[in-house]
Amino acid sequence: MLTIQSTTLWFSNILNGIFGKRAPPPYIAGTTQPPHSDSATTPLAYPPVDPGIPVRPIEEVLASQKDLIERIKVCYGVDRSTFEQDLLSLIHHYAEFVHLLPATPNNYFNVPGGLLRMGLEVAFFSLQGTDGHIFSGRSTISVRRHLEPRWRHATFAAGLCCELHRTLSHVIVTDEKGNEWQPYLQPLSHWLAQQKADHYFLKWRPNARESRSLGVFVLPRIIPETILQHLAAENDVIVPHMMASISGMALYPEHNILDDLVRRSVALVIDRYLQASADRYGTPQLGSHLERYLVDAIRRLVSSSSAWIPNAEKSRVWFGSDGLFIVWPNADQNLQYRFGRFGDSW
């Protein structure tokens with residue numbers, strides 16, 4: 001049994017595991033640099049200097065999302081070569097296009113790498129949601145068996161690209177010399193390589209409108225024609241439903257189940273990010289104590305799990321006159337299962 005006071009060091013080591021699906025993505029993919037400098041060690045500068053976003057190789061950017069990509073592979077349920085051909089190629093193209101762009105300036109997924117992380121999470125939950133739905137329900141069993149894998153493939157692609165329009169309508173990207181990225185012409189990573197840039201800088205458009213249809217114009221950079229042809233083979237419904245979801249267009253009179261899954265996943269991902277955001281506790285600082293995160297995790301379990309009712313038979317939590325105690329390692333397993341790699345079930 002461990003006292004709650006003695007778990008801070010342990011919790012700092014598994015914090016990413018407990019909040020793996022809830023926590024915001026890394027500040028800069030492939031690095032361990034904190035998002036905020038310690039004012040005690042960093043000299044003040046006036047006017048403030050924008051440090052920009054460092055340019056990283058795509059392999060390094062994707063390596064920072066390795067755990068989530070592995071979860072996507074397990075969810076897709078195919079061998080490695082099929083996964084690389086169907087989904088990993090899309091992920092690689094998407095990462096090349098968005099690089100380390102944030103999704104928003106000051107809301108959800110607003111850190112470098114946020115747009116990539118958001119796309120991957122939405123795609124993962126959309127793919128996971130296909131397990132509970134039947135597409136082409138009026139078709140025969142043999143036809144459904146043929147089309148279901150394509151529906152799952154298209155749903156993942158739609159989830160991955162659901163916020164692609166932001167690169168065209170919400171943000172302006174420049175290099176150190178003031179040269180501006182033209183997103184209609186090439187992916188961001190290709191442009192950065194041409195410019196031989198070390199950092200790039202963002203300017204957010206004020207009062208930018210949600211124009212999801214713009215994403216269609218750069219979709220060929222993400223989804224190659226071979227995959228589109230594969231999705232369209234022997235049917236005339238999958239690609240139109242996927243394109244309608246990405247562009248935000250309605251399909252009449254048909255009901256777009258694919259888009260329902262994507263929209264639900266977007267709402268889920270944003271809600272989980274905001275709930276887990278450190279901003280609700282104030283700006284994180286180097287060396288700050290982590291007890292509040294541990295207490296928050298335990299509170300969730302106490303309110304939702306019978307195994308965490310204090311002082312009950314086989315309980316994980318015992319409270320007495322000499323303090324609060326936690327049964328170990330059972331509590332560790334519960335915490336990591338509840339908030340860890342697999343997190344909440346769909």
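1. The model is predicted, so local features need pLDDT of at least 70 and side-chain atom pairs count only at pLDDT 80 or more, while totals for chains, interfaces and linings use all residues. Residues are numbered from 1 along each chain as its sequence is written, and side-chain values use heavy atoms, with hydrogens and water left out.

2. The protein chain has 14 helices and six strands, taken as DSSP runs numbered from the N terminus (H or I, at least four residues, for helices; E, at least two, for strands). Of its 346 residues, 45% count as buried, that is, under 20% relative accessible area with a 1.4 Å probe, protein chains only.

3. Helix 4 (residues 80–98) packs with helix 5 (residues 114–129) at an angle of about 155 degrees, the axes lying 10 Å apart. That angle makes helix 4 roughly antiparallel to helix 5 (over 145 degrees). In this contact (heavy atoms within 4.5 Å), L87, I91, Y94, A95 and V98 of helix 4 meet L115, L116, G119, L120 and L127 of helix 5. By class, the contact holds nine nonpolar residues, one polar and no charged, with Gly counted as polar.

4. Between helix 4 and helix 8 (residues 188–195), the packing angle is about 50 degrees and the axes are 4 Å apart.

Note on methods: Axes are lines fitted to C-alpha atoms, for helices over the stretch in contact, and angles run from 0 to 180 degrees between N-to-C directions. Angles under 35 degrees count as roughly parallel, over 145 as roughly antiparallel, 65 to 115 as roughly perpendicular and the rest as oblique. Buried means under 20% relative accessible area, exposed over 50%, partly exposed in between (1.4 Å probe, protein chains only).
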